[in-house]
Amino acid sequence: MKQFFDQLLQLLQQGIAAIFRFVQIIWTWSIDQITRVFQAPWDSWLLWKQILLVLVLVAVTFVVFKAGIKLWQAGVSVLRAVASLLVAFVMTLPEILVAGAIALGGLWAVNNLSFSQWPTFTSILPGSDSKKETSPRTSNGQPGQTTGETVGRGDSRTGDDRERQ
């Protein structure tokens with residue numbers, strides 16, 4: 001898939017480069033022709049040739065003026081689009097900031113919280129018969145009290161155990 005996108009991107013780059021080369025050729029040729037018109041030795045020509053040259057200069061000036069207006073409008077559109085893009089970047093900053101804070105908090109929770117010490121769902125339910133984990137034996141070899149164990153139906157401790165508490 002990556003190779004397909006690389007080929008597509010390369011094709012687009014070549015196409016855009018070809019368009020810019022073509023535009024450059026046309027602009028260079030046109031500017032060269034316009035420069036030749038203005039460098040023409042018109043003072044030694046006959047009157048009708050001078051009038052024709054003036055008409056050609058008026059037509060060239062009119063067309064260049066129209067092209068200049070279109071380029072100006074395109075430039076304004078580009079600046080407006082860039083300004084709109086910058087406004088969109090600024091307007092989405094709160095959402096992006098909240099998304100980053102959520103990501104930071106979630107990553108902190110995943111790295112720092114241990115859910116193994118929390119009660120399980122079955123131990124919360126009343127009347128559940130889930131077994132509690134017993135603590136390791138005490139130093140006298142007798143089993144210790146179950147962690148979180150509550151006295152339920154009947155007390156199984158001996159009198160000696162009750163006196164110690």
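How many salt bridges does a search of the whole structure find? The search finds 2. The model is predicted.

**View 1. Salt bridge between Asp6 and Lys2.** The two side chains meet with an N to O distance of 3.0 Å. Both residues belong to helix 1, which covers residues 2–38. They are 4 residues apart, so about one helical turn separates them. Lys2 is exposed, at 61% relative accessible area. Asp6 is partly exposed, at 39%.

**View 2. Salt bridge between Asp32 and Arg36.** The closest N and O atoms of this pair are 4.0 Å apart. Asp32 and Arg36 also lie in helix 1, 4 residues apart. Their separation is again about one helical turn. Arg36 counts as exposed, with 52% relative accessibility. Asp32 is partly exposed, with a relative accessible area of 36%.

**A note on both pairs.** Side chains of opposite charge can pair when their charged atoms come close.

**View 3. Val54 in helix 2.** Helix 2 spans residues 47–91 and holds Val54. Is Val54 buried or partly exposed? Val54 counts as partly exposed, because its relative accessibility is 47% and that class runs between 20% and 50%.

**View 4. Val54 and Trp42.** Along the chain, these residues are 12 residues apart. Their C-alpha atoms are separated by 9.6 Å.

Definitions and conventions: Residues numbered from 1 in each chain as written. Predicted model: local features only at pLDDT ≥ 70, side-chain atom pairs only at ≥ 80, totals over all residues. Heavy atoms only, no water. Helix = DSSP H or I, 4+ residues; strand = E, 2+ residues; numbered from the N terminus. Buried < 20%, exposed > 50% of the residue type's maximum accessible area, 1.4 Å probe, protein only.
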